[in-house]
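Dear colleague,

Please find the structure below, followed by a summary of what was found in it.

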Amino acid sequence: MFIDSHCHPYHAHDPLAVLSRARSCGVTDFVVPAYDHDSWTAVTHLDSEHADVHPAFGLHPWVADQPLDLVELETLLRRPGVVAVGEIGLDFKLDTPAPSIQIPVFRKQLALARDLDLPVILHVRGASEEMLEILASDGPVPGVVHAFTRGPELARRFLDLGLYLGLGGAITRPTARRPRRSALAVPLERIVLETDAPSIGLEGVPAGESEPCHVVQVATALAELRGVDVDEISRITTRNARELFHLS
Ligand SMILES: [Zn+2]
């Protein structure tokens, strides 16, 4: 049994087929973040039909220049079954809205997560120092740094704030030394598994073609790296995801 703690099945050509393939691979739960106005709508259609699909809503840093109506977002976050605010964060690496636009949007959503007592799903690229500073000054919130690919030193600083790390396709690549070093160094109790399907590829699976069923490949890579069996990875990362997102 596995939980894909971060996937976007609504981007698939046939989301229902993707979900059912994953279920037959042993995936019991899907945390599905919606990150802009279109995906907010897509996820509200998907989650009402599937008890194992757990939605999250947020405005992604890539689209931080879209209007953010906090009342609308709060209404979505109060829907039954919503498990997190996300994905939200900071991305100063790609061609994204200016930091001066991203930062207030991020902080408003952090505050909303705190008010609603929900964990956050964090996207961070090229902005770790800024994010750590904001989390330290605004006060920590429970959550996960999704698609973590950096080294153990930075991992430790996020762990010190009480966050989990989301490990995905990167650790399946033998050449990805930095994320694999983190996958070894971080306590298993603070790791959740994810695919970010279909966006992020894995060894042998190109980006754009991954599916939540590939979370099994992530678990297997983690088991091999740590020299434990995959059942232990399954048991502990499932427990972690259930605790973080309050899944029953
Ligand atoms: Zn994502």
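This is a predicted model: local features need pLDDT of at least 70, side-chain atom pairs count only at pLDDT 80 or more; totals for chains, interfaces and linings use all residues.

**Zinc site**

The site of the zinc ion is irregular, with angles of 81 to 173° among its 4 donor atoms. Residues are numbered from 1 along each chain as its sequence is written, and side-chain values use heavy atoms, with hydrogens and water left out.

His-6 (NE2), His-8 (NE2), Glu-87 (OE) and Asp-196 (OD) coordinate the zinc ion at 2.1 to 2.3 Å. Donors are N, O and S atoms within 2.8 Å of the metal (3.2 Å for Na, K and Ca); water is not among the atoms, so sites may look incomplete. His-6 lies in the loop between strand 1 (2–4) and helix 1 (15–24) and Glu-87 in strand 4 (residues 84–91), so the pair ties together parts that are 81 residues apart in sequence. Helices (H or I, at least four residues) and strands (E, at least two) are DSSP runs, numbered from the N terminus.

**Backbone**

Glu-87 is also joined to Gly-86 by a cis peptide bond, with omega about 5°. Another cis peptide bond, with omega about 0°, joins Ala-197 and Pro-198. Ala-147 has a positive phi of about 50° although it is not a glycine.

Yours sincerely

Definitions and conventions:
Four donors count as tetrahedral if all angles lie between 85 and 135 degrees; four count as square planar and six as octahedral if opposite donors are over 155 degrees apart and all others between 65 and 115; anything else is irregular.
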